[in-house]
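Open the model in your viewer and keep the selection tool at hand. We will go from stop to stop.

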Amino acid sequence: MKSPFSFKLPEITLAFLLIVSGIGLAFSSGGFIVDFNAIGFTVMTTMQKGLYSVYSFVTGTFTAVHDMATLQQEYKALTEKLENYEYMKRNNVEINKENALLREQLGFAESVQYKNIAAQIIGRDPDSQYSGITIGKGARSGIRKGMPVIAIQNGNIGIVGKIVTVGVGTSLVMPVYDMQCNISARIQNTRDIGIVTGNGTDSETLSLKYIRKRVIDELHRGDVVVTSGENDNYMRDIPIGTIENIAVVDYDTSLNIELKPIVDFARLETVLVVDQHVLNDRIPSGLGGS
């Protein structure tokens with residue numbers, strides 16, 4: 001079978017010459033010059049770029065992990081510093097309050113006529129025989145049974161109670177709110193004398209007894225009741241409480257008077273135990289009193 005395409009020798013020769021001429025012309029003009037250096041550079045830089053990308057990703061990941069760990073450590077350190085700061089801040093507030101109380105107590109202690117011993121309250125026992133308050137000073141500090149105990153709060157002086165038991169380094173105070181406590185007292189305005197007794201707990205009012213009914217018109221809520229100084233149990237004119245309520249009972253010849261204690265026992269921290277038989281040698285000249 002005869003092919004549809006037939007080439008004659010002259011035509012083939014012409015085509016070959018044309019191809020050879022074209023190739024020669026291209027080489028002579030530089031269009032087909034192969035730059036192997038450029039090809040190698042391209043291949044190498046492409047590989048280098050890929051490797052750099054992988055390296056950057058890996059190192060970036062490790063750097064991010066390291067930075068995260070560093071940030072966590074720094075956050076933890078800052079948190080601890082903040083906690084320490086808050087703790088120090090709270091401590092400073094407590095220290096400032098305590099220093100203010102001590103300065104107030106010291107100033108008052110130096111002005112008291114008699115020798116006195118400052119003591120910290122270290123325990124309270126409402127179930128004991130005397131609803132006792134335990135203080136951290138005892139016989140070693142010169143404390144004896146029967147000594148009166150006073151305190152100062154917010155600039156107000158008040159009776160706390162008296163010493164009933166003395167140890168070497170601690171003592172037990174019977175507070176004024178104890179039912180067995182009896183204090184000879186005087187209404188400051190009218191000068192009427194009665195007896196103050198406790199009602200068992202520091203949340204209850206005190207009772208003032210043996211005040212005559214006929215003086216009821218002279219008494220007012222808020223009148224101050226102080227120690228009378230009789231019987232040598234307590235110093236004179238130390239505030240005990242203020243009149244809270246006055247009641248008249250038909251079958252009783254005396255008034256039933258309730259007192260609000262001067263001392264806030266729930267907030268009481270330090271006290272002064274007074275030795276009425278020894279003058280205070282810390283009082284400046286002219287301030288000793290009678």
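**Stop 1: Ile 135.** Select Ile 135 and show what surrounds it. Leaving aside neighbours within four places in sequence, Ile 135 is in contact with Ala 119, Gln 120, Ile 121, Ile 122, Ile 143, Ile 163, Gly 169, Thr 170, Ser 171, Val 173, Val 271 and Val 273. Keep in mind that this is a predicted model.

**Stop 2: the core.** Which residues have the most contacts inside the largest nonpolar core? They are Ile 135, Val 160, Val 196 and Leu 208. Select these four together. The core they belong to has 45 residues. In soluble globular proteins, nonpolar side chains tend to be buried together.

**Stop 3: the strands around E2.** Switch to the cartoon view. Select strand E1, residues 114-125. E1 pairs with E2 in the antiparallel sense, over four bridges. Now pick Ile 121: it stands opposite Ile 135 in E2. Next, select strand E5, residues 171-175. E5 also pairs with E2 in the antiparallel sense, here over three bridges. Click Ile 133 and look across to E5, where its bridge partner is Val 173.

Stop 4: Time for charges. Side chains of opposite charge can pair when their charged atoms come close. How many salt bridges does the model have? The count comes to five. Begin with Arg 144 and Asp 275, whose closest N and O atoms are 3.1 Å apart. Arg 144 sits in the loop between strands E2 and E3, and Asp 275 in strand E12, so the pair ties together parts that are 131 residues apart in sequence. Arg 144 is partly exposed, at 41% relative accessibility. Asp 275 is buried, at 6%.

**Stop 5: Arg 212 and Asp 192.** Select Arg 212 and Asp 192. This salt bridge has its closest N and O atoms 2.6 Å apart. Arg 212 belongs to strand E8, while Asp 192 lies in the loop between strands E6 and E7, so the pair joins parts that are 20 residues apart in sequence. Asp 192 counts as buried, at 9%.

**Stop 6: Asp 264 and Arg 267.** Finish with one more salt bridge, between Asp 264 and Arg 267. Their closest N and O atoms are 3.8 Å apart. Asp 264 is partly exposed, with a relative accessible area of 34%. Arg 267 is exposed, at 65% relative accessibility.

Note on methods:
Residues numbered from 1 in each chain as written. Predicted model: local features only at pLDDT ≥ 70, side-chain atom pairs only at ≥ 80, totals over all residues. Heavy atoms only, no water. Salt bridge = Lys/Arg side-chain N within 4 Å of Asp/Glu carboxyl O. Helix = DSSP H or I, 4+ residues; strand = E, 2+ residues; numbered from the N terminus. Buried < 20%, exposed > 50% of the residue type's maximum accessible area, 1.4 Å probe, protein only. Core = buried A, V, L, I, M, F, W, Y, C linked by side-chain atoms within 4.5 Å. Contact = heavy atoms within 4.5 Å. Pairing = 2+ DSSP bridges.
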